[in-house]
Amino acid sequence: MRCCWTVTVPVLFFFVAYFTLQVIYARRKYKISPPETTGHPEFERIFRAQVNCSEYFPIFVSLLWVAGIFFHQGVAAACGLLYLYTRFKYFQGYAVAAQGRRLGPLYVSAWLLWLLLGLAVAGLLAHFLLS
């Protein structure tokens with residue numbers, strides 16, 4: 001379980017902190033005070049990218065841990081690192097433009113979530129049916 005913990009806690013903390021700081025910097029740059037979520041289009045893209053990434057983190061963490069516990073922690077950790085990298089690329093692409101560069105990483109991250117779901121289900125089935 002050490003690989004999944006290593007991927008989940010420090011790396012996820014880094015990503016959440018990075019995305020949040022980008023929103024804070026954009027708020028300062030475009031003079032948009034909380035709780036406002038509209039304003040300059042660049043701020044709105046950064047804010048939306050941060051929210052989009054944050055919405056999927058609970059699903060990601062749940063699937064990562066279940067796949068790591070019941071399937072294989074090394075495979076789950078590798079999928080987790082790839083997922084976080086693709087979300088980072090998605091965030092960067094969305095911050096630059098609403099269309100274009102963000103879609104590739106978005107599709108890959110969705111595919112990786114489905115892969116983690118498959119690994120989790122396979123691990124759970126093997127654990128409960130073969131035990």
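**Figure 1. Leucine 82 is partly exposed in helix 3.** In this predicted model, leucine 82 has a relative accessible area of 47%. The residue lies in helix 3. Because 47% falls between the 20% and 50% limits, leucine 82 is classed as partly exposed. A second residue, alanine 120, is 38 residues away in sequence. C-alpha to C-alpha, leucine 82 and alanine 120 are 17 Å apart in space. Alanine 120 is among the buried residues of helix 4.

**Figure 2. The whole chain is built from four helices.** The chain has four helices and zero strands. Its pattern along the sequence reads α-α-α-α. The C-alpha atoms fill a box of roughly 60 × 25 × 20 Å along the principal axes. Of the 131 residues in the chain, 37% are buried. Take the contacts between residues at least 6 apart in sequence: 69% of them join residues at least 24 apart.

**Figure 3. Three stretches carry a transmembrane annotation.** An unreviewed UniProt entry marks residues 7-25, 59-85 and 106-130 as "transmembrane region". In the model, residues 59-85 are 93% helix and 0% strand. The end C-alpha atoms of that stretch are 16 Å apart. Residues 106-130 are 100% helix and 0% strand. Here the end C-alpha atoms are 36 Å apart. The stretch 59-85 takes in residues of both helix 2 (41-70) and helix 3 (73-96).

**Figure 4. Helix 4 reaches its expected span.** Helix 4 covers residues 103-130, 28 residues in total. From first C-alpha to last, helix 4 reaches 40 Å. That is close to the 40 Å expected at 1.5 Å a residue. Its buried residues are Pro105, Ser109, Leu112, Leu113, Leu116, Leu119, Ala120 and Gly123. An α-helix has 3.6 residues a turn, so residues three or four places apart point the same way. The buried residues of helix 4 pack against helix 2 and helix 3.

**Figure 5. Helix 2 and helix 4 cross.** The axes of helix 2 and helix 4 come within 8 Å. They cross at roughly 40 degrees. The crossing is left-handed. On the helix 2 side, the contact is made by Tyr56, Phe60, Leu63, Leu64, Val66, Ala67 and Phe70. Helix 4 contributes Leu113, Leu116, Leu117, Leu119, Ala120, Gly123, Leu124 and His127. Among these, Leu113, Leu116, Leu119, Ala120 and Gly123 are buried residues of helix 4.

**Figure 6. Phenylalanine 19 and glutamine 50 are in contact.** Sequence neighbours within four places are left aside in this view. Phenylalanine 19 is then in contact with Gln50, Cys53, Phe57, Arg87, Phe88 and Phe91. Glutamine 50 is found in helix 2. Its relative accessibility is 15%, under the 20% limit, so glutamine 50 counts as buried.

**Figure 7. Alanine 110 is partly exposed.** Alanine 110 has its place in helix 4. Its relative accessible area is 33%. Threonine 86 is 24 residues away from alanine 110 in sequence. In space the two are 9.4 Å apart, C-alpha to C-alpha.

**Figure 8. The loop between helix 1 and helix 2 has two backbone features.** Most residues other than glycine have a negative phi, and most peptide bonds are trans. Lysine 31 sits in this loop. Although not a glycine, lysine 31 has a positive phi of about 55 degrees. Lysine 31 is also exposed, with a relative accessible area of 72%. Proline 35 belongs to the loop as well. The peptide bond from proline 34 to proline 35 is cis, with omega near 10 degrees.

Definitions and conventions:
Residues numbered from 1 in each chain as written. Predicted model: local features only at pLDDT ≥ 70, side-chain atom pairs only at ≥ 80, totals over all residues. Heavy atoms only, no water. UniProt positions renumbered as here; feature names shortened; annotations may be inferred. Expected span 1.5 Å × (residues − 1). Buried < 20%, exposed > 50% of the residue type's maximum accessible area, 1.4 Å probe, protein only. Contact = heavy atoms within 4.5 Å. Axes fitted to C-alpha atoms, helices over the stretch in contact; angles between N-to-C directions. Left-handed = near helix turned anticlockwise from the far one by under 90°.
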